[in-house]
Amino acid sequence: MRAMHIGESGVRIGDRVERPGLMRLLRGRGKYIGDMALPRMLHLAFLRSPHAYARIVRIDKSRAEALDYVHAVFTGNELREHCLPLLGTAENRVGYKAAPQYPMATDTVFWQGQPVVAVVAESRAAAEDALEFLDIEWDVLTPVVSGREALEDGAQVIHAELNGNLAYEHKIKAGDPAKAFAESDCVIEHDFRFYRQTGLTLEPRGLIADYDPGGETLTVYHSHQSPFQMQDVFARHMRLPENSVRVIAPDVGGGFGVKINTYAEEVAVAVVSRLLKRPVKFCADRLESFSSDMHSRDHEILAKIAVSKDGRIQAVGVDDISAIGAYGVHLRFNIAESMMLITNMGAPYEFSNYEARGRSVYVNKNIIGMFRGVGIPLSCATCDVLVDLAAERIGMDPVAIRKLNYRKASSMPCVTPGGSKLSNMNLEACLDRLVERMNYKALRAEQAALRKKGIYRGIGISTYIEPVAYGPLYYGPTGASISSADGCTLRLDPSGAVRCVTSITDQGQGTLAALAQIVADELRISMSAIDMISGDSAVSNYGGGAWASRGAMCGGEAALKAARALKKNILNMAAVITQSKAEDLELREEGVVNKQTGLRVTTLADIGRIGHFRQDTLPPDFDVQLSVTKSHVVNNLAYYTASGVQASYLEVDTETGCIKLLGHWTVADSGRAINPLLVEEQLRGGIVQGIGSVLYEECIYDENGNLNNATMADYLAPMASEMPDIDVEILDTPETTTDLGAKGVGESGLIGAIGAVWVATTDALKPFGAFVNAQPFTPERVLDAIAAAKN
Amino acid sequence: MADELSIALTVNGERIERDVKARQSLADFLREELALTGTHLGCEHGVCGACSVVIDGDVVRSCLTLAAQVNGKTVETIEGLSDRGALKKLQAAFLRYNAAQCGFCTPGMLVIAHDMISRGEAGDRDEIRDYISGNFCRCTGYQAIVNAIESVAKEEKAGVA
C-alpha cells in the first residue's frame, strides 16, 4: 500500500503516511548527544570497578592529577558531600529495602562496572589515558552472584545495613490453589531460567551537564526518555531550585527502557560540572554500556498449571526469584520486574485459583532496570509453555485449549486473580485471524510429515496482554515524582503553519509523527505544515516522556484536545472576519470553508496574519487565542489494555542444536492505529528483540561476578540475516473511553514474541520428550536438553 | 602523547590536509576534526556497522581504520553521499517504508545499501539480508529496510532493462 507524502493534504488518522522529520536522519544530519560540543567543554571518563564486590582500601590519584592534560580527578567520597544519594524504595511497598546509592562508589563496590573515580580532561581520549595512572588498593570480597544463593541462610549480605539480600517479597493468593492442584486431572510443572540481557541501544547513554555559575542554573543535554524525570532528579539531588534546572533530550538513538532509568553516575557528571563551573560531557563507550546500562531479566521461575480433562485451566502457580543486581532503582523500582511478572501471569486466561510469590534479591551484578515489557514477557512465555504442554498431555489442540480458556470479550472489564485490570480486549478474534493468516492446519500437516523424515519443526502460539499508558495509580502512591500526564501546545504561526510542542519524547518510535498526523487530521492541514518540538523540560507541558507505551495514547489524546481547541478559536475568528456564524464554517485544505457551499471563505494564513499583526481590524473585545495548551491523563482506568496473539514457526537442527526461524505472525489489538506504517515496524522491531532474547542474548557472568562478554562480538544480537519476514495484522479496535481511541504498541511485539518462540521450540522437541528451560536457547542448551531426555 | 602525522585526503569532494595523532581513528577524525557527525559510533570495535564510510569505492568501518591510513585516499561519508544525490532513491524508499526509527544505524545502513545497489548485488530478499548482516539495527525488525532496498533494486533493474 502506498504511503502518503508529508506534503499531501487530506491526511486522516489511520492513513499510512511517511514520517516527517525522518529525512533529516536519512541525510546524516541527526543531532545526538555524541555530536554535540559546548564552548569550554571538558570530558569525563570513569574508572570502573574491576571487581564484583570489594572494599576500597585506598585510592591514590596523585599520579593522575599530576598529568598536564588532566583537569581534575574526583573520588566517590569527594562527590558524596555535594549531592543526595539515589534510593530505590517505594512508599506504598512496605518492607521494600534498598541501600542509598551515591554517584560513585564510596567505601565498597557492589558490581563490576560501578564507577569509582572520575577523571576530567580536555578530551575523552586524554581522560581515558589518565585512568591508567590511578592506584587503587582493593580488599576483594567473595561476591554473591545467584539470586537463589543470595536467599540462603548464611549467605553473605551484600549491603550490611539491609540485614539480608531480599529486597522485597510479594505474594498473591486467590481462590484455593492447593485444593485445585491436588484435585486436578493434569498438573504440569517446570522450572524456567531467563538469563540476563541488556537493552543494547545502538547509541550508548550520554549527557552534557552545563552548570552556569553566572545564573546558577544547570542545563543538561541528555540522551534520555524523560527530561522531566531528570529535571526532578538533578534539582532534588543537587539541592537546586527546580526552576533553575533544564533538561533537553536531543535526538536519542534508541531507548527501550534503558534510558528511562536514573543512573547515579549521570548525577556525578552534573555534580562535576557544578564543581568545575564548566560544561562536562560523558558518553559511555560500548564496554561501559555493557557493564553499566541497567540490565534486564535474570529470573529463576518455578511455575505450574492445573488443567481438567476437558481442557479448563483450574489453577496457576508461580514462584519467581528475580536477581535485581546491586541496588534498587531510583523512582522506577526494579522490584517491578517480578511484580509485573506475577501480577500478569496467566492474565489472558480465565481461572480463579492462583498462588504466586515473587522475591527480588540483591546480588553483586549490574543493576536490573526497566526494559521493554518489564517482567510481562516472562509470565506470558511461562504460562503459554505450560498451556501447550498441558494440551499435549490431555490430547487437545494448542489452538483449541487457548480459545477455550481465553477471557471473553463480553467479560471485560475484569480484574484477574493476579490483580491485572483488563479492559476492552478480544483475544478470540485475534486468534481466529492468526490461525487463518498463518494457515495453521497446513503448517501442522507439514510438521507431521517432516517429523517422519527426521526434521523437527515447531509451531508456537502465544497470547499477550500489554498494560499501556499507566495513569497516576501506578507511580503516584509510591511517592515517586513521575508524571503520568502529557500535554500539547499548538500555535498557529502567521503563515498558517503550526508548531506543536509536546511533552512526549521520541526515541525512534515515530510518536511525534503520529501526533502531527492527529493535528493534521483535525486542522485539515498537511503534515509538512506542522513542526514538532519536544524533549525540553522547560518548554512544553510538564509530562512523562516515553514510558509504558504511552506516547500515541496520552500525547495523542492531548494533541487531539489541543487541535480541537485551536480549531474552535480559528473558526470563531474566521466567523468574525467573514461576518458569518462559526457553526456554519469548517476547516478544509489549509483554510476555512462554508459548510453549505463548500466555498473557501478564508485561509489559515489570513487567520495567522490578522491574528498576529492586524488585531486592529477585529472588534476590540475579540479575544485572539492562537496558542492553546491541553493535557491528558489516564484517570478513568489504571491503564489501557493492548493485547494480541503471535505465532512462530521454526526448525530445530537436532544434530547442531541450531534453531532456524521459518515464519512469525502477529495479530495485534493495539487500539486505533494512527499510522499503520509506524505501528507495523514498531511491532516487528519488538518481535525481533524478543527473538533475540530467546535465541541469542545473554550477559554472561562467571561465579566471581565477572561479565565475560561485554562486546558486540561476544554478545549475540539479532542481525538481518537470521530474522524472518514477519506478518503483521493490526486489529483496529478503538479504546472506547477516549476520543482518539489509541491504546499503545511499544512493548507488544517483544512481549508476545518471547512466548511464541519458547512454545515453538518446546513443540519442536516434543518427539524427544525434551524441554529447553533456559533462555537464551543456545545450541549447547538445546543439545543438552535432547541428551538429558534420552538418558 | 602519540606522534602526529600529516595527511592529505579528499573527503566528500573536498581536499583536506591535517596533522593527526597516529592513534586517531578515521571515525574520530571525521567526527571531531571535520564535524561530520553523521558517521556514528555504535560499538567502536567493528561489529555494528554504524560507522561505515566509503574509501576509494569500498565500504569500510571507520572505527577500525586509522586516520593516518587514509592519507592520499578519497573518503565519502553519509553527508557527502547524501548531498551529491547518490542516496536519493534509497532515502525516498527508506521514508516510504519507514525503514528507520532512531536513525543511529541509518547512515551505515544507507552506505552499505548504496554499495549493494551500485554493485548490482541486491538480488532476492535473502541476499539483501545477507549483505546488510554486518549492520546492526536495534529498532526496526529489518523488514522495512529490506523492503526499501528491494524496491530500489527492482527499480534499478527495470531501468537497466
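Strand 27 of chain A and strand 28 (residues 726-730) of chain A run parallel and are joined by 5 bridges; strands are DSSP E runs of at least two residues and helices H or I runs of at least four, numbered from the N terminus, and two strands pair if DSSP finds at least two bridges between them. The model is predicted: local features need pLDDT of at least 70, side-chain atom pairs count only at pLDDT 80 or more, and totals for chains, interfaces and linings use all residues. Residues are numbered from 1 along each chain as its sequence is written, while chains are lettered from A and ligands numbered from 1 in the order in which they are written.

Within strand 28 of chain A, Glu729(A) is the bridge partner of Val667(A). Strand 27 (residues 659-669) of chain A also runs antiparallel to strand 26 (residues 640-652) of chain A, through 10 bridges, with His664(A) of strand 27 of chain A opposite Ser648(A). In the hairpin of these two strands, Gly657(A) adopts a positive phi near 80°.

Helix 12 (residues 398-405) and helix 13 (residues 427-438) of chain A pack at about 165°, with their axes 10 Å apart (axes are lines fitted to C-alpha atoms, for helices over the stretch in contact, and angles run from 0 to 180 degrees between N-to-C directions). Helix 12 of chain A and helix 13 of chain A are therefore roughly antiparallel, a term applied to angles over 145 degrees.

The contact between the chains takes 45 residues from chain A and 41 residues from chain B, contact being defined by C-beta atoms, placed from the backbone, within 7 Å. Helix 3 of chain B gives the most to the chain B side, with 4 residues.

Definitions and conventions. Contact = placed C-beta atoms within 7 Å. Parallel < 35°, antiparallel > 145°, perpendicular 65-115°, else oblique.
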